[in-house]
Amino acid sequence: MIPGFFQGTEMPTAGWWEALWPDPAGVLSKVGMKPGMEVIDLCSGDGWFTLQIAKIARHVIAIDIDAHLLEVARHRLSESGLTNCDYVAGDAYDLTRLRPRSVDLVFLANAFHGVPDRPRLAKSVAAVLKPGGLFAIVNWHECPREKTTILGEPRGPKTELRIGPEETKAVVETSGLKLVQVVEVPPYHYAALFAKTL
Ligand SMILES: C[S@@+](CC[C@H](N)C(=O)[O-])C[C@H]1O[C@@H](n2cnc3c(N)ncnc32)[C@H](O)[C@@H]1O
């Protein structure tokens with residue numbers, strides 16, 4: 001296990017991620033990603049969302065604690081001829097050191113449930129956002145794991161790790177970011193969108 005690895009955030013075994021996320025570009029559109037943005041894909045994994053971000057954004061920085069997954073992502077993007085991505089191995093808590101310049105959007109999918117000190121992470125994100133910048137968190141809904149079935153099997157993090165929109169709002173707003181919107185991301189997720197208003 002990699003030191004600092006967030007609990008229950010391993011990339012899934014092959015097959016069901018693609019079934020759960022058939023339209024990653026649609027998710028990005030829901031959270032307000034626009035052409036021309038500078039984006040951080042935080043906890044980017046093997047690049048399933050990074051690829052779509054790179055197709056739309058001006059530039060993306062994929063950050064993950066697992067350097068091997070970043071290599072998988074690099075391969076995925078290079079196969080599509082995309083060169084507007086930097087790959088940075090490191091701990092999400094160290095965001096300000098990993099990314100000293102500010103960005104328009106920090107996108108965090110399928111990882112916030114496992115973060116032990118969520119206010120600390122939110123503060124790090126707030127520090128790298130431009131004024132008016134957005135923090136989009138895509139989270140599993142707080143429902144029992146046995147009910148979130150994909151390809152006939154229960155999937156996703158343990159039930160006790162899941163948090164709902166209210167708890168997400170409460171912890172993220174300790175950083176000074178403000179909740180703008182919560183949108184449904186069927187079948188089992190929601191996206192909470194925060195803005196840096198100062
Ligand atoms: C379930 S995967 C999701 C990947 C991607 N966001 C997606 O939705 O396809 C969670 C990712 O978080 C990464 N991760 C876990 N702990 C981390 C940490 N402390 N800092 C940065 N990344 C971390 C894991 O290596 C893994 O790739």
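1. The largest nonpolar core has 54 residues, of which Val39, Val106, Phe107, Leu108, Phe135 and Ala136 touch the most other members. A nonpolar core is here a set of buried Ala, Val, Leu, Ile, Met, Phe, Trp, Tyr and Cys residues joined through C-beta atoms within 7 Å. A residue is buried if 20 or more other C-beta atoms lie within 10 Å of its own, exposed if 12 or fewer, and partly exposed in between, with C-beta atoms placed from the backbone.

2. The model is predicted: local features need pLDDT of at least 70, side-chain atom pairs count only at pLDDT 80 or more, and totals for chains, interfaces and linings use all residues. Residues are numbered from 1 along each chain as its sequence is written.

3. Ala136 touches Val31, Leu105, Phe107, Leu108, Ala191 and Leu193, leaving aside residues up to four places away in sequence. Contact requires C-beta atoms, placed from the backbone, within 7 Å.

4. Strands (E, at least two residues) and helices (H or I, at least four) are DSSP runs, numbered from the N terminus; two strands pair if DSSP finds at least two bridges between them.

5. Strand β1 (residues 38–42) is joined to strand β2 (residues 59–64) in the parallel sense by 5 bridges. The bridge partner of Glu38 in β2 is His59.

6. Strand β9 (residues 189–195) is mostly covered, with 5 of its 7 residues buried. β9 pairs with β5 in the antiparallel sense over 7 bridges, and Phe135 stands opposite Phe194 in β9. Strand β8 (residues 178–185) also runs antiparallel to β9, joined by 7 bridges, and a hairpin connects β8 to β9 through 3 residues. Val182 stands opposite Ala192 in β9.

7. Gly132 lies in strand β5 (residues 129–140). Gly132 is exposed, because 10 other C-beta atoms lie within 10 Å. Gly132 touches Ala195 and Lys196, not counting residues up to four places away in sequence.

Note on methods: Contact = placed C-beta atoms within 7 Å.
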